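Thanks for making time this morning. I would like to walk through one model with you, beginning with the overall layout and ending with a few individual residues.

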Amino acid sequence: MIKDEIQHVLFEDESMIRDYQAIQKTWFLRGKQRIIPTTGKHRGVKLLATVDYGTGKIVWQEDEQYTAETFLGFLKKVVLNTPQGKW
């Protein structure tokens, strides 16, 4: 039975929260495009998180940069904060 084999099922995701609005695509008649001003500075925060499906425990981290080193550091944090057992 799978329940006897796996003690922890973890879901992980990353997100970026910006403090400005960026318009990706708009529709205008050809030759009638308008300039749409945006506000804010080009800053934001990167959020990484896991949730243990069985316990609901969340391990999270926010950072200004999202690099391979950031992600590896986050994974180490997850390992330290998740009980022993098969994942």
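I will start with how the model is to be read, and then go from the fold to the side chains.

This is a predicted model, in which local features need pLDDT of at least 70 and side-chain atom pairs count only at pLDDT 80 or more, whereas totals for chains, interfaces and linings use all residues. Residues are numbered from 1 along each chain as its sequence is written, and side-chain values use heavy atoms, with hydrogens and water left out.

The secondary structure of the chain comes to two helices and three strands, where helices (H or I, at least four residues) and strands (E, at least two) are DSSP runs numbered from the N terminus. Read from that end, the elements follow the order α-β-β-β-α.

Let me turn to the sheet. The three strands form an open sheet in the order 1-2-3, with antiparallel pairing, and two strands are taken to pair if DSSP finds at least two bridges between them. Strands of a sheet pair through backbone hydrogen bonds, either parallel or antiparallel.

Next come the aromatic side chains, of which the structure holds two pairs. Rings of Phe, Tyr and Trp (its six-membered ring) pair if their centres lie within 6.5 Å, with planes under 30 degrees apart counted as stacked, over 60 as edge-to-face and the rest as tilted. Phe11 and Tyr53 are edge-to-face, at 6.0 Å centre to centre and 65 degrees between the planes. Phe11 lies in strand 1 and Tyr53 in the loop between strand 2 and strand 3, so this pair ties together parts that are 42 residues apart in sequence. Phe11 is partly exposed at 46% relative accessibility, while Tyr53 is exposed at 65%, given that buried means under 20% relative accessible area, exposed over 50%, and partly exposed in between (1.4 Å probe, protein chains only). The other pair, Tyr66 and Phe71, is also edge-to-face, at 6.4 Å and 80 degrees; Tyr66 is partly exposed at 39%, and Phe71 is partly exposed at 24%.

Two further residues deserve a look. Gln61, in strand 3, is buried with a relative accessible area of 15%, and, leaving aside residues up to four places away in sequence, the residues it touches include Leu47, Thr70 and Phe74. Gly44, in strand 2, is partly exposed at 31% and, with sequence neighbours up to four places away left out, touches Ile17, Arg18 and Asp19.

For the chain as a whole, 14% of the 87 residues count as buried. Among contacts between residues at least 6 apart in sequence, 50% join residues at least 24 apart.

Key:
Contact means heavy atoms within 4.5 Å.
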